[in-house]
Structure formats: C-alpha cells, structure tokens
Amino acid sequence: MNRRQFLKSAVFTTIGAVVLSACKKVATTTKSLADKVATRTFLKGKKEEISLLGFGAMRLPIIDGVETNIDEKKVEEMVAYAMEHGINYYDTAYIYHMGESEKVMGKILQKYPRESFYLATKMPLGMIQSKQQVEEIFEDQLKKCKVDYFDFYLAHGLNSHAYETFKKYEVYDVLNKKKQEGKIKYLGFSFHDVPELLEEIVSKYKWDFVQLQVNAIDWEMVNAQKQYEIAEKNGLQVIVMNPLRGGQLSTLNEESAAILKQANPDASLSSWGLRYVGSKSNILCTLSGMTTIDQLKDNVNTFTDFKPLDNKEQEVYKQAIEKYRLAGAIACTGCKYCIECPVGIEIPKIFMMYNQHKNGTKFRDWQFTMAYEQIPEDHRADKCINCGLCKTKCPQKLDIPNLLKEVDTLYKSLK
Ligand code: SF4
Ligand code: SF4
C-alpha cells in the first residue's frame, strides 16, 4: 500500500492541538491513527500528513564500534517496523556515519514506493569550499540516496561561522535552483546559534521549514523557546532535532528519574521527553536518532494515540529536569561532529562517561575509572593539545578543552 492509499483508508481521529501562528493564525490538528503514529499537516506544502515521529539516521546501529560499518540488517528491520507503524519522514545527512548513512538509507528505502516516504538530507556547510562543490555534493547525494528528488532538503547546521560560507558560495541560490528544477520539494535549514541570527536568516531568504533543537533542557537554557517563537511568528513549522538531547533525557539521573517513575511507573523516560516536544503545536515532526528496535518500539508507542503532556505532567517534568540540570552534566549530545580531533581524543565517549558518573546512571567511582581506562592512553582527556578545532565544530558551543580538563581532574581524583 502506498502513502496515498494508506491515507485514504486510514481513519483519522482528531485529538486536538491547534497550531496558532501569531502572524498567520493558521490552524491544524494532530491526527491519531489506529496502530500508527500520529501525524501533522505540513501547511507550507501540499497539506501532506507528516508523521510526528521521524526516523533519524544519525545514530544507526553499527558493527564492532566502527562508525562507517552500519548494521544494514538491523536498519532494514527498523525501517520495516517504522513503515508499518506510519513513520513516513526519514532524515539523513551527507556527514552522518561519515557518508555511509545516506548510502544505507538510500539502499533500504528504494524497496518502498517513492511516494510512501519523505526523505530529508542536508548540505554540509562545514565542508564547502566553492559554489561548484555545492552542485557536486548535491548530485552525489541524489546518487547515494538512489532518488531523483529530495522531499525536504536543508542547509546543515547554520551558525554564525557556517552562515559566512552559506553567503560566500551562494548556497541558497544553488539550492533554490534545485528546487525550481524539481530536485528539492521543500527547502529549509537546521540551526544552532542565537535567536538574532535566526531572525536574520528567516527574514532574508524564503524557506519552507526550519529544523531546531527543542527539548526540555534547551527550552529555557539555550534559547530554544525564543527560536521556536521566531519560527512560529514567521509561519515556519519546526522539525525537531535532539528531542532527547542525544540520549541525556532518556537516562537523566536517579533523582529525576524517580520523580517521573513515581508520577507514571509505566512510562519510559524517553516518552516524557518526546511527549514534551510533541505537545508544542508548531512542531511538524520530532526526529529521533534510534539505534535499536526497542528504542523505536518505545517511541512508536509514545506517538501512537499521542497524548500531549497535561498541565500536571508539565509541572512534574519541569521539576525532574530542574533536578537533572542542577546535577551538572556536560551538555554534549553525542553528535560526533568533533571526532576529527588531530590527536584522536575520544570526546563524545569521554563526555558520555563523565555524565554517566555525574548522574549516577551507570558508573560509581571505581566503575568510572575502570571504564575510562579502556580508552587508549593517547586518546584520553589529558592528551588534548588545546588546538581549538573541536570548538569550531561543536553545535552546542561547548568549551571542549576546558571540559576535558574537568574530566581529567575527576579521573585523577578517583584513581
Ligand atoms: S582542542 Fe583538544 S580535543 Fe579539541 S581538537 Fe584540539 S586536541 Fe582535540
Ligand atoms: S562535544 Fe559537541 S561536537 Fe562533540 S559530540 Fe558533543 S555536542 Fe557533538
């Protein structure tokens, strides 16, 4: 059954959620489908129904810990489950899994009717050195993904640095031309910077959607609320990245987890985070970078017969997040954009271990030192030469060299 037939035969149940845009005053509804994840209407498009849960292809299962060695069999099973449960938005990028994510997703998705899914990928602004290269990468992506058009296409990771590249090499013009040629249906960008820059970018160019980092931590701490409001004011629906902050909100710490478990013993921590995001009515799709079929099943469960957080739940979740924030975890999402460190410091792994110790979710003191010593000596925090390269790559703007010093201090104090 293709998407059109599926939508025709499906019974929609409206469960509310009016989208209010300050300027446009447009309204849409969340639709809940029996045995399928909820959908929302893409208002800038042809009123397509997009699944509120999107399949992120950034953290696919891998073999032997090798980033480029994607476990295709597992991904195939996950995609089959996702399709069966109504997930129709698939998000990859040129740089995910060092170029392999697009290839694997293209290979697997080609087994499904082209009109049964929406495929999104992104132009890697951090790699661009000429206008010609933008053309070449785009054409390469079509080949890798085995498609002749992309439904959603994004300028990847606009921030103040990438914006200079974006302007210098006229990336918008190239992509807009691809749109005119029918190779891109909807054009947008993902964004990691201050609200003022977001205002500028949405006012200078014509966009169909925007991808923002929205989750309970970033909402107040990192201006996500302001960014969401700018998108809404400009009539742009939001695709959400990192709704669980790279897994941080799936584990939290013991105290925060206990608050949520007491409020609802059956709900997973991830389901709280995803419902928090999905409760915001201008969200079109929530991307989750799932690594296992169990994570996928849990997320599908959350978005089937989707229920926004009610006022009481909002209050409980706020309390739990506040406790977590005070525990002082490093705000790393595990995106791995920093892995090209010249001395091979295993930054995301080191920060993850630090957080798991800090939050008491996995490591007690001795467990932390034991796990940390599994990292080859040459790749540990104290070998950082402070070159600063990683800082230019980190979308979370983390002061990585200084944070590494903190980890090193912790390790030495526990040894
Ligand atoms: S500052 Fe340190 S961790 Fe960052 S890239 Fe340079 S050596 Fe690697
Ligand atoms: S340190 Fe920054 S770039 Fe590196 S994995 Fe964490 S969030 Fe991503």
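Two strands pair if DSSP finds at least two bridges between them. Helices (H or I, at least four residues) and strands (E, at least two) are DSSP runs, numbered from the N terminus. This is a predicted model, in which local features need pLDDT of at least 70, side-chain atom pairs count only at pLDDT 80 or more, and totals for chains, interfaces and linings use all residues. Residues are numbered from 1 along each chain as its sequence is written, and side-chain values use heavy atoms, with hydrogens and water left out.

**Stop 1: the barrel**

Select β5 to β12. These 8 strands close into a barrel, in the order β5-β6-β7-β8-β9-β10-β11-β12, with parallel pairing. On average, neighbouring strands of this sheet are turned by 30 degrees against each other, direction ignored. For that angle, axes are lines fitted to C-alpha atoms (for helices over the stretch in contact), and angles run from 0 to 180 degrees between N-to-C directions.

Now go to strand β10, residues 209-213. Here 5 of the 5 residues are buried, so β10 is largely enclosed by the rest of the structure. Buried means under 20% relative accessible area, exposed over 50%, and partly exposed in between (1.4 Å probe, protein chains only). Colour the two faces of β10 separately. Phe-209, Gln-211 and Gln-213 are on one side, Val-210 and Leu-212 on the other, and all are buried.

Look at Gly-188: its bridge partner in β10 is Phe-209.

**Stop 2: strand β5 and its two neighbours**

Move to β5, residues 53-56. Leu-53 and Phe-55 point one way, Gly-54 and Gly-56 the other way, and all are buried. On one pairing, β5 meets strand β12 (residues 283-289) in the parallel sense over 4 bridges. Gly-54 stands opposite Leu-287 there, and Phe-55 stands opposite Ser-288. β5 also pairs in the parallel sense with strand β6 (residues 89-91), over 2 bridges. In β6, Tyr-90 stands opposite Phe-55.

**Stop 3: the nonpolar cores**

Keep Phe-55 selected. What is Phe-55 in contact with, leaving aside its neighbours within four places in sequence? The list includes Leu-60, Met-78, Val-79, Ala-82, Ile-87, Met-105 and Met-290. Contact means heavy atoms within 4.5 Å.

Phe-55 also belongs to the largest nonpolar core, which has 90 residues. A nonpolar core is a set of buried Ala, Val, Leu, Ile, Met, Phe, Trp, Tyr and Cys residues joined through side-chain atoms within 4.5 Å. Phe-55, Tyr-90, Met-123, Leu-158 and Phe-189 touch the most other members. Helix α2 (residues 72-84) gives the most to this core, with 6 residues. Another core, of 25 residues, lies apart from it; Tyr-354, Ala-371, Cys-390 and Ile-400 are among its members.

**Stop 4: aromatic rings**

Show Phe, Tyr and Trp side chains. Rings of these residues (the six-membered ring for Trp) pair if their centres lie within 6.5 Å; planes under 30 degrees apart count as stacked, over 60 as edge-to-face and the rest as tilted. The count comes to 25 aromatic pairs.

Zoom in on Phe-42 and Phe-152. They form a tilted pair, 5.2 Å centre to centre, with 50 degrees between the planes. Phe-42 lies in the loop between β3 (36-41) and β4 (49-51) and Phe-152 in strand β8 (residues 150-158), so the pair ties together parts that are 110 residues apart in sequence. Both Phe-42 and Phe-152 are buried.

Tyr-118 lies in strand β7 (residues 118-124) and Phe-152 in strand β8, so the pair ties together parts that are 34 residues apart in sequence. Tyr-118 is buried too, like Phe-152.

Next, select Tyr-163, Phe-166, Tyr-172, Phe-189, Phe-191, Tyr-205 and Trp-207: they form one aromatic cluster.

**Stop 5: charges over rings**

A charge sits over a ring if NZ of Lys or CZ of Arg is within 6 Å of the ring centre and within 35 degrees of the ring normal. Select Arg-114 with Tyr-149: Arg-114 lies over the ring face, at 4.0 Å from the centre. Then take Lys-280, whose charged end sits over the ring of Trp-219, 3.9 Å from its centre.

**Stop 6: two loop lysines**

Finish on backbone angles. Lys-47 is in the loop between β3 and β4, with a positive phi near 60 degrees in a residue other than glycine. Lys-146, in the loop between α4 (131-145) and β8, has a positive phi near 55 degrees. Lys-146 is partly exposed, with a relative accessible area of 46%.

How values were computed:
Chains are lettered from A and ligands numbered from 1 in the order in which they are written.
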